Amino acid sequence: MGYAELIEKLQNLPADKQSEVVDFVEFLASRMSLHDVKSEVRSASTLAEWRAHPLTVRDFSPMSRDEANAR
């Protein structure tokens with residue numbers, strides 16, 4: 001469905017139904033903007049930064065499973 005067809009269908013709706021459509025579109029837009037804000041906050045968090053750039057320790061080699069179990 002193109003924009004022209006959508007506008008035509010909207011124009012054929014009664015005024016109260018047109019108002020409902022506008023309310024729903026505003027609801028969806030506000031929900032999307034909240035989602036975008038949450039994503040920005042999450043990506044700026046310390047945990048996200050640490051996961052993206054973990055600490056590195058020079059001359060570090062992780063233990064094998066057997067070495068860890070032996071301790």
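1. Glu20 and Lys17 lie 3 residues apart in helix H2 (residues 15–43), and are therefore separated by about one helical turn. Helices here are DSSP runs of H or I with at least four residues, strands are runs of E with at least two, and both are numbered from the N terminus. The model is predicted, so local features need pLDDT of at least 70 and side-chain atom pairs count only at pLDDT 80 or more, while totals for chains, interfaces and linings use all residues. Residues are numbered from 1 along each chain as its sequence is written, and side-chain values use heavy atoms, with hydrogens and water left out.

2. Glu20 and Lys17 form a salt bridge, their closest N and O atoms being 3.4 Å apart. The term denotes a side-chain nitrogen of Lys or Arg within 4 Å of a carboxyl oxygen of Asp or Glu. By this rule the count is 1 salt bridge.

3. Both partners are partly exposed: Glu20 has a relative accessible area of 46%, and Lys17 one of 36%. Buried means under 20%, exposed over 50%, and partly exposed in between (1.4 Å probe, protein chains only).

4. The protein chain contains 4 helices and 0 strands, in the order α-α-α-α from the N terminus. Of its 71 residues, 0% count as buried. Its accessible surface is about 7,100 Å², with 58% belonging to carbon and sulfur atoms; areas come from the Shrake-Rupley method with a 1.4 Å probe, and for residues only the protein chains shown count as cover.

5. Met1 lies in the segment before helix H1 (3–12) and is exposed, at 68% relative accessible area.
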